[in-house]
Amino acid sequence: MLHTKNISRYILLVVYTCLFIYGNSQTQNTDTTIIVRKDTMCSIAMSYTGNTTFIGLQVGLYIPLKKKLHIQQSKQYTQVNRVVEKGLLINAGGHYINNYHTMLFLTANYTQEWLSKRNTHLYTQLGIGISRTLLDEETYQVNPNGNIQLVKNAGSYYAMLNLATGVTYTPTKIHSIKFFGCVTMHTYFPYNGFVLFRPLLNVGIQQRINTPLFKTRYTIKTKALLL
Amino acid sequence: MKLFIPILFLLAILTACQKEDITLSPNANDIFYVRTNGQDLRVNVQGNTLSGIMVVIVHGGPGGWSSLYNTPEADKYLESNYAIAYYDQRSAGGSQGNAGNLSMETYSTDLKNVIAVLRHRYNNAKIMLLSHSFGGLLTGDYFSRFGQTTVSGWINSDGALNFAQNSEFGRQYLISYGEKQIALGNKKDEWTGIVNTCKNIPAFSTSSSELSTINQNGHKVEDYIDSITNKKSSSNSDYFAQQNNVPAASLYTNKYISEHSNFIKNEIQKVDVLQQTAQLTLPRLFIYGNYDFVCPKDNIKAYKNIAVYVINFSSFVFAGSGHSPMLNQPEEFNKLVAKWIKDNL
């Protein structure tokens, strides 16, 4: 028996079912459009990571974990108001500071992206990782017996904690790629018994694996969500 | 794309390969690191490495940085004749790593290792130590631990040798000079506050907060004194970062760590190397600023009173300087240092 209080659950179920069956890329109500990816493909990302005084590169693998639809209901219609995509981004990269060091790092980041009704979306990342510095100049060490020797590959290991926030942009006609830009705060520890903060700018491009660049089709199923 | 990460790592390793890059020239500019007690100390040698004379900058702080002393006047008068080693102490400037706890012993051991590496790299160059402020305390501690055999001369600019006594000199100078300014009506309100604060601090206090108050007021009052020329901020980190490719974030982090260390809170107040440095026989030049309230010129008298060998000891007070004569009167300072080195080597 269908109770009134259960209606919302059924509406939700219908909405999910519609999305699943039709594999919507986009949903639309009368005046808005939300892009919802049909599939959950992994992506590879490449980006510049540095700031105004030093440069760096990083590459990553993005694995989508979960997609959550936020649904708004009224008497006339039900619409997907917002889509939140959560994923895992594994990055490897480094940056180089002349006469100072090369910093290599490997990070695992939990990402959350709020897909909006436009092509531009907000996202945040929280990550952990490990880094290794390689000093840019020769390094000497004085042994206890007083002899002096060069240290090969001198540098230090640090644990990392990262926080990033930024925007992504998905071109209207090429949904398999995504441009992104964010400000990132890398923290390295233990650094002299404390934490070293390093603000970075991260600008790059993300490409879905196994998805042809220009052949991805997205269909608009406006009525599918209108109940 | 799969090859990108290995290529990146390979490039990094290749560019970081350690090979000696020693320049013996009238215009050298070498950067290298000295690994000691968990820290990689950054050393930048500039100037005339052919001269066989290496002036090692032992900067102030703790938490300062050596290139602050790399002024155009230092280039002109010192680097043209001698090699200058700008080395950053642990948790300071461009040094990096994971140093652990700071202590006077590790600071001095670092200096010993830096001197050893400099002599190794530059054909046993004669070492002159040019210390400033905390660097004076550190250099004195170095001499008391390791002796003077590897060093040919010591220029101590505005350095403390007995921390507690030096702070007391500062407190007394702030009170006496402040009272004169109040009587003259110069910055009366500001000086009144400072004088009252200093009077409330007991003589020869060992409280870190009270000593810190004296130190802060000593720096602060330089703004009230028009006679101090060319006032430059000692926290000109942007200049440092630009000149030396050290990220400002690293610089500030190092500075913060040093200034909030247990060493600052608990150990530095007890350091007294006055008696030990009084035994030195090597040539010494003590330079102070007339308006230095952080490390007052009274330190000269205190040293002279107990110095065993005064025949090769000289001192100079710069009339228009505060705590940093190398910045307040850079022309006169570097000329004096260059001449003194020439006369004493």
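Visitor: Hi! Where is the place of Gly93(B) in chain B?
Guide: Gly93(B) sits in the loop between strand 4 (83–87) and strand 5 (96–97) of chain B. Strands here are DSSP runs of E, at least two residues, numbered from the N terminus, while helices are runs of H or I, at least four residues. This is a predicted model, where local features need pLDDT of at least 70, side-chain atom pairs count only at pLDDT 80 or more, and totals for chains, interfaces and linings use all residues. Residues are numbered from 1 along each chain as its sequence is written, chains are lettered from A and ligands numbered from 1 in the order in which they are written, and side-chain values use heavy atoms, with hydrogens and water left out.

Visitor: Is Gly93(B) buried or exposed?
Guide: Gly93(B) counts as buried because its relative accessibility is 0%. Buried means under 20% relative accessible area, exposed over 50%, and partly exposed in between (1.4 Å probe, protein chains only).

Visitor: New topic: how many residues of chain B are in contact with chain A?
Guide: 44 residues of chain B are in contact with 43 residues of chain A, contact being heavy atoms within 4.5 Å.

Visitor: And which residues form a salt bridge there?
Guide: Glu138(A) and Arg121(B) do, with their closest N and O atoms 2.8 Å apart. The rule asks for a side-chain nitrogen of Lys or Arg within 4 Å of a carboxyl oxygen of Asp or Glu, and it finds 1 salt bridge across this interface.

Visitor: Which element of chain B gives the most to that side?
Guide: Helix 1 of chain B, with 7 residues on the side that touches chain A.
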